[in-house]
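Subject: Structure handover

Hello,

Here is the structure you are taking over. Please look through it first, then read the notes below it.

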Amino acid sequence: MKKWMPLIAFFPLLSTVAMSQKVPVYLDDSKTIEQRVNAALSAMTLEEKVAMCHAQSIFSSKGVARLGIPELWMSDGPHGVHPELFYDYWAQANWTNDSSTAFPALTCLAASFNPPIAELYGKAVGEEARYRNKSVLLGPGVNIYRTPLNGRNFEYMGEDPFLASKLVVPYIKGVQSNGVAACVKHFALNEQETWRMDVDVDVSERALHEIYLPAFKAAVKEGKVWSVMGAYNKFRGHHCSHNDILLNQILKKEWKFDGVVISDWGGVHNTQEAAYNGLDLEMGTNTDGMTSSIANSYNSYFLAVPFLKELNSGKIDTFIVNEKARRILRLIFRTTMNRNRPFGSLATPEHAAVARKIAQEGMVLLKNDKQILPIPNTIKSIAVIGENATRSMTIGGGSSELKVRYEVSPLEGIKNRFGKTALVQYAQGYGSGKYLYDSIAPSPYDAVKLRDEAVALAAKSELVVLVGGLNKNSNQDCEGRDRLDYGLPFGQNELLTDILNVNKNVVLVVVSGNAVEMPWEKQVPAIVQAWYGGTESGNAIADILSGDVNPSGKLPFTFPVKLSDNGAISLGKTSYPGNENGHKQVYKDGIFVGYRWHDSKSIPPLFPFGHGLSYTQFAYSNLSLTKETDGNIKATFTIANKGKVSGNEVAQLYIHKENSTIERAENELKGFQKVFLLAGEAKTVSLQLNKEAFQYYNEKRKDWATEKGAYTILVGGSSREVYLKKSIVL
Ligand code: GLC
C-alpha cells in the first residue's frame with residue numbers, strides 16, 4: 001500500500017475519489033436503498049455494525065464515519081420537537097435557537113376525527129424536526145385509553161382502535177414526507193405509568209388483536225412507519241423492547257415491518273434477549289458504566305461490548321448483528337442520506353396557524369344549556385377564573401414537554417377576542433401543589449384567599465369563564481406516574497360550587513388530557529373540553545367560545561360518571577394497576593374497553609365516546625346499504641344542517657351483530673366522516689365497510705373470522721346518539 005494511502009483514508013470522500021473515480025454504491029444516489037444498504041453492510045467491520053446498534057449519546061447513535069455514513073439523531077416528541085439536551089445527560093442545553101411550536105396534544109388531534117388534519121399535523125411537526133436536523137421523531141403514541149388514570153393518556157389517541165388507526169396513518173405519512181422517521185410508540189400494552197418499567201401484562205389474544213394492536217398494525221402496514229419504539233413494560237414475562245412474540249412474530253414476521261425497533265430509554269435488560277428478541281437499537285440504558293463514569297458508559301450497553309464479545313466467541317451468529325445493522329442502515333438511507341429531503345422550518349407563523357386549526361378542530365362542546373355559548377359580542381364583563389387560564393401547559397408532562405417560542409394562554413386569548421368591548425378580569429381561584437418527589441407539597445397559596453377573591457369577582461361579572469382541569473405536574477397528566485384519583489384537583493370543585501352560588505352564568509373550560517369527575521355537572525350550563533391546545537391554545541379557546549369557530553370535536557374516550565364505572569378499574573387490583581408483589585397484571589376487561597364496557601354493562605356514561613355538540617343542529621336521514629361487487633358494503637345517508645350557522649359534523653358508523661354466538665361488544669366504530677355544511681345545506685355521505693369491519697379475532701384459529709348472519713348498521717352523532725339503523729345479512 002502506498003505510504004500516502006492511510007492519510008487519505010481519513011478523508012472518506014477524497015479517499016473515495018482518489019482511489020477510484022467511481023463513487024461507492026452506498027454513496028451513489030442513483031442506486032436503490034437496498035443496493036446501498038447491501039454495499040454499506042459488506043464494507044463495514046463487525047465492530048462498526050455493533051457500534052451502530054446502541055446509543056453514542058442520550059439521543060444519537062453511530063453511523064460509520066470511515067464510510068461517510070452519518071450518525072442518527074433522534075428527538076422527542078409527539079407534540080413538537082424537544083429543546084436540545086446536553087450530549088450525555090438529561091438537562092436542557094439552553095440553546096437559543098431551538099424554541100419550537102407546541103402542537104396540540106394527540107388527544108386533541110384524536111378528538112378532531114379528521115384524518116386530513118392529522119396529515120397536516122404530521123407534516124408540520126416533521127418540518128420542525130427536519131429543520132432541527134433530527135432524523136427520528138419519537139412519536140406518535142397510540143396506546144389505548146384503558147383507564148382515566150393513565151398519566152400519559154394526553155399523548156395518545158383515545159379508547160377506540162379504529163379511530164386511532166385512522167389518525168395515526170396520516171400523521172406518520174406527514175412526518176415522513178420530510179425525510180424524518182416517525183417512531184410509533186410504545187409497542188405494546190403500555191396503558192399505565194404505574195410500575196411502567198416492569199409491570200408484566202397479560203391479555204387475551206382477542207383483546208390484543210382487536211384493541212391494543214390495530215393502531216400499531218395500521219402504522220406499519222398503511223403508514224409504512226420507519227421505526228417503532230418498544231415499550232418499557234413486560235408482555236407475558238419479557239420486556240417489550242426485546243419480546244419475541246411482539247417484535248419477531250407479530251411486528252417483523254406477520255406485519256413485515258422493515259424498519260428499526262428502538263428501545264424505550266432504559267428499556268433493555270439483557271444481551272441475549274436484546275440480540276434474539278427483535279430489538280435493533282438500544283437507547284438510554286443506565287448500565288453500570290453510565291453511573292460510574294460517562295466515558296465508558298456506552299461501551300457497557302447490552303448491545304455494545306457484551307454483544308461484540310458473544311459475536312466474536314461465536315455464541316451469537318453474525319447474522320443477528322447484520323440484520324440489525326441492515327435495518328438501521330435502511331433508516332439512515334431513508335433519512336439523513338436522502339439528499340432530496342426538504343429543509344423544514346421551525347416555529348413559523350404557518351405552523352402556529354396549523355396548531356390553532358388543530359386545536360379548534362379538536363375542542364369538544366360537552367354541553368351548552370340555555371345557549372349560553374357562543375358568548376355574544378354585546379357582553380360587558382367577563383370574569384376569567386382559574387390557574388389554568390394562565391398556567392403554561394407546554395412545559396412539564398415528561399418527555400413530550402417543549403420549549404416554545406410563545407404560548408397564548410386562555411386568559412390572553414379571551415382578552416385578545418373580547419378585551420376591546422368587554423371588561424375582562426382575572427382571578428386565580430385555586431393553586432396547584434408543587435410536585436416534590438414522592439409527595440404533593442401543599443399548595444403554596446392561601447386557598448381561602450384565592451377562592452374569596454374569585455367569588456367576589458364572579459359576583460360582579462356578567463359571565464364567568466372558569467378555566468380548570470388538570471396540569472402537567474406529576475400525578476396529573478404526566479409521564480412516570482398515574483393520577484391518584486378521578487376528581488378535579490386543587491379544590492376546584494369547592495371553588496366551582498361557590499362561584500355557582502353567586503353567578504349561574506358559568507362556562508367551564510376543562511384543560512386536561514383525561515376525563516375528570518363532574519359531580520356538579522347538572523349545575524354548570526356550559527362545558528368545553530379544551531385539551532392541551534399548544535402554542536395557540538388561548539386563541540383557539542376564544543375562537544370556540546366566541547363562535548368565530550363552530551365547535552366540531554368529538555370525545556375520543558368515554559367520560560365515566562365515577563371511577564368505578566371504568567371496566568379495568570372495577571375488576572380489581574390485578575386488572576389495574578396489577579399485583580403489588582411481582583407487578584403481574586391481567587387485562588380482565590378484555591375487549592370491553594371504554595364504550596364497549598359501558599354498553600355491555602348498561603352503565604350510562606357522563607359523556608359518551610364520540611360525543612360533541614355544535615352551535616348548529618344536524619339531522620340525519622335516508623340510510624341505505626348496498627353490497628358492492630368487491631364484497632364491501634356501502635352505507636349512504638343524508639346529513640342536513642338545520643341551524644343558522646355553518647359547521648362540521650362527524651358522522652359516525654357503528655356495527656352491531658344481531659344474535660351473536662360469541663362474546664362481542666354491543667357496537668363498534670367502523671366508519672366516520674367529518675362533513676362541513678352551510679346553514680340549511682344537506683349532503684349525502686357514503687362510508688365503505690370492507691370485510692375487516694365485520695371481523696373478530698378467533699382465538700382457536702389464531703386468525704380473523706366473520707360471523708355470518710344479520711348485522712345492524714347504526715349511524716349517528718356519537719356512540720349513544722344513533723339516528724339511523726338498518727339491518728344487513730352477511
Ligand atoms: C421516555 C418515554 C418515551 C420517550 C423516551 C425518550 O421515557 O417513555 O416516550 O420518547 O423516553 O425521552
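Cys 108 is buried, because its relative accessibility is 0% and the cut-off for buried is under 20%. Keep in mind that the model is a predicted one. Cys 240 is also at 0% relative accessibility, so Cys 240 counts as buried by that cut-off.

How many disulfides are found in the whole structure? The search returns zero. A disulfide is a covalent bond between the sulfur atoms of two cysteines. To count as one here, the two sulfur atoms must be within 2.5 Å. For Cys 108, the nearest cysteine sulfur belongs to Cys 478 and is 19 Å away, so Cys 108 is in no disulfide. For Cys 240, the nearest cysteine sulfur is that of Cys 183, at 14 Å, so Cys 240 is in no disulfide either.

Now the ligand. The second largest pocket is where the ligand sits. Around the ligand there are 14 residues, and those that come nearest are Asp 76, Lys 185, His 186, Tyr 232 and Asp 264. By class, this shell holds six charged, six nonpolar and two polar residues.

- Tyr 232: a polar side-chain atom is 2.6 Å from an oxygen atom of the ligand.
- Lys 185: an N or O atom of the side chain is 2.8 Å from a ligand oxygen.
- Arg 152: an N or O atom of the side chain is 2.9 Å from a ligand oxygen.

On its own, the ligand has 310 Å² of accessible area, and the protein covers 97% of that.

Regards

Note on methods. Residues numbered from 1 in each chain as written. Predicted model: local features only at pLDDT ≥ 70, side-chain atom pairs only at ≥ 80, totals over all residues. Heavy atoms only, no water. Buried < 20%, exposed > 50% of the residue type's maximum accessible area, 1.4 Å probe, protein only. Near = heavy atom within 4 Å. Polar contact = N/O pair within 3.5 Å; in protein donor to acceptor, adjacent residues only side chain to side chain. Areas by Shrake-Rupley, 256 points an atom, 1.4 Å probe, with all protein chains shown as cover. 1 Å grid on protein atoms, 1.4 Å probe; cavity = no way out; pocket = protein on both sides within 12 Å on 5 of 7 lines; lining within 4 Å. Sits in = over half its atoms within 2 Å of the grid points. Nonpolar A, V, L, I, M, F, W, Y, C, P; charged D, E, K, R; others polar.
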